[in-house]
Amino acid sequence: MTEETRPSPDALLREAEREGRGTLKIFLGAAPGVGKTYEMLLEGAEKRAAGRDVVIGIVETHGRKETEACVASLPVVPRRELVYKGQTLSEMDIDAVLERRPEIALVDELAHTNAPGSRHPKRWQDIEELLAAGIDVMTTVNIQHVESLNDVVGSFAHVRVRETVPDKVFEHAEIELIDLPPEDLIVRLEAGKVYVPEQAAQALDHFFSKGNLLALRELALRHAAQYVDARIKEHQGVTGRDGYGGGQRVLVAISEAAGGEQVIRAAKRLADALKAPLIALYVETPSAARLSDAEKTRLARTLALASSLDAALQSVPATSVAEAVIAQCRETRATQLVIGSSRHAGRGIFPVRRSIVKALIDRTSGVAVHVVPLAAEGRADAWRRYLPRAPFTGDIVALGAVAATTLALFVAEGWVGRGPIDMLYLVPVIASASFFGFRSGLVAGIAAGIAYNFFFLQPVYTFIIYGPANLITAILLVIVAIITGQLAAQARGAAAFAMRSARENAALARFATRLGAASDTSETAQIVCEEVRSILAVQTMILHGSGEGVKITASGQTRPELSPVDRAAAEWAFEHGEAAGRGTNTLTASDWQFRPLKTALGTLAVLGLRSPSGRVAVPTERAALAESLIDQAALAHERLKLETDMREMEVVRQRDSLRAALLASLSHDLRTPLTGVTAAAAALSASGEDAELVETVRSEARRLNRFLSDLLDLTRIEEGAVTPDLQPIDLTDAITSAIADLGPALDGRRLETSIDPTLPLVRADAVLLHHAILNLVDNALKYAPDDQPLEVVARMGRRGPVIDVLDGGPGIPPGSEQRIFDRFARGESSDRTGGSGLGLAIVKGFCQAMGFTVDAARRQRGGSRFTIRMPPETIVQVSMEDIA
């Protein structure tokens, strides 16, 4: 299995978290009246005809006869009535639905706001509770109720929709689009099938205008497609298999030229269509040093757009754009290359870009090249970038070198002769180009040609040239000077790139080494601040989360003071995991740029950057280096977090080992004196003296014996010594036997049992199941009031047999549904009830040993519900031949 086909751990974790939850199906429409409720009821009727347990939680018919006919064919859970301001309102009775526990519940109008006094303010929250209880739900909603589209709908419909549904509700839902052309919907409105005639006429003039309906329909189609795409990606993450477009990678080459944003958007559309990652590549050539401020701003804007579109940024120094792009195509295994080109880019003095596109098309194999045509650039003055610009240091030095060479040759002309003079003029040209670049070399070459002609070609001290040989010599000198200057400048540029790359690699290596040696979070944060400040020449600080937002834990300079805007930007970056502050799209008024240190464990810290000059903290040419530094800092924080967690786990493991040894020792060592106490109590009971005291001794001895048995059972579970003997078990017999053993403990308490006679046999360990049921009922006896009955219910659930033990006690404290099964955990009123806090831990251990699950919940009408669930694979299939 390759890295690309390996299932995503995050996707598998999300899938595991949804195990046991119900599934949600949403019938999505563009507007009221398209038939969402009708389609939901039809599908519910079909599933009921197929043997599924389907009920209507709540459905609004709005007086439509077709809808009312569908409702009549399905069972309906009675609504709950609420009195609010003298009016009686009816809402879905969520408690009744949960008590009924159907396989599928039909709940209309997902975005509905519940009446005051309901448990949840919104109906979608009611549905979330049903899903958490394992009940499948089908519901309906219109596109204008989606939270993220609220402003979009308001912009063209001029109506602010008050009832909205968070987008997260749609994330794991099955979406079925109920589509109806606007013309057909208008006909339904006019026929009175959506609203009464008076309301229909008003609606047609306002919200239900044809233009609005067309826009809403487009939104619905796009939104449905978006969630289908999300489900495809999720499926690919779980299975590890590529869907359509699998294995595709899109590389887009960007530059400082106009139209870069257009190229990025085209590449993003291509990447989305192919379900492929997008990589934005900027090749930094020597000409980058001569970019104007406008070009630098345009390049920064293009890179920012690429980052906002989730493109991975790469910046590569090179002397040839085509060579660098081709190399990156190979390195990233790109299958699609997007590049922009102006129609007139190949004209003029420097026809560079057209040759780049041609080279890419000619030299890339296995890569589809997409050329985005751009409008002609107003680059008539492009030649000006090659003219001298301030500072003039290199040009002045070049002219001075030529002048010095001329003076030296003039003095030594009688000694060296005129033959090698033209070649000696190449020395200042090459030196100027090597130290100051091509422009200075060009200035030196032209000056050398002029000086050679004026001082050394006949007639001297004039610019007149006699004889073709002298003319050719002068021209060749200038040409050779320009060519050698260009070559020297290229070599200088390549050397500068190599040196800068070497410095950056050395800095990254030093950074990684220092981070690896750090042993705590504060030291790591200080190293990050110092190194990033040194490498990027910026002011730095690290912020970590605290109870009051974020706080500064390290800084690379004097501890800075955060303004309210700075603090808001830092907190936003920490909470949302996205950059904020100057140079981003969020809270740009801040003087700092805050970058989150994101890992698989979430955002662990925030790195603050600020340029001393007040400009953008990370210039365009250093964006890739900054990303590498931030990634290393995030990984260092993640390593420390994991190491801390491992140390804590080791402490817990040692503590548990010690506790298990202590429990085992106590359970064995106390049995001997307990046996003597029991025997003495039996002897006293036979003598008939002090019968009441003897009975107390015997009762407490039995209680202590039960406690020791619990200790021994728990020790066996933790040591893995419990080996279940799985045999076909009749749940009726198992429940009856456990209740019989609790006979003395019941002591007149009312215990009601409800056992489905059609329950199948299950494969379980009779002893372990006996003790599990016995401990659950005994726990209910401790916490339930004497006047409240206990219930033991055995029924067939969605996935297999289920045993419920219900009591009318104080109920489980909210949020402790899982903690209650920990060792020595005790619920409310534990001081009154006593108990060791081991019974539920033993239940959980025995159930897990048999492959069952056990959970707890607080009953809506008071009390607790403990449920043992048996998966389908534990059901014993009995054929007619076996019965015969």
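I looked up Lys25 and found it in strand E1, residues 24-29 (strands, E, of at least two residues and helices, H or I, of at least four are DSSP runs numbered from the N terminus). The model is predicted: local features need pLDDT of at least 70 and side-chain atom pairs pLDDT 80 or more, while totals for chains, interfaces and linings use all residues. Residues are numbered from 1 along each chain as its sequence is written, and side-chain values use heavy atoms, without hydrogens and water.

Is Lys25 buried or exposed? I noted it as buried because its relative accessibility is 9% (buried is under 20% relative accessible area, exposed over 50%, partly exposed in between, with a 1.4 Å probe and protein chains only). I found a polar contact of 2.8 Å between the side chains of Lys25 and Glu176 (a pair of N or O atoms within 3.5 Å, one able to donate a hydrogen and the other to accept it; residues adjacent in sequence count only if both atoms are side-chain atoms). Leaving out residues up to four places away in sequence, Lys25 also touches Glu43, Val137, Met138, Thr139 and Glu174, among others (contact is heavy atoms within 4.5 Å).

Next I looked up the largest nonpolar core, which has 55 residues (buried Ala, Val, Leu, Ile, Met, Phe, Trp, Tyr and Cys joined through side-chain atoms within 4.5 Å). Leu106, Leu110, Leu130 and Phe170 touch the most other members. Helix H9, residues 210-239, gives this core its largest share, six residues. I then listed a second, separate core of 42 residues, including Leu742 and Met870.
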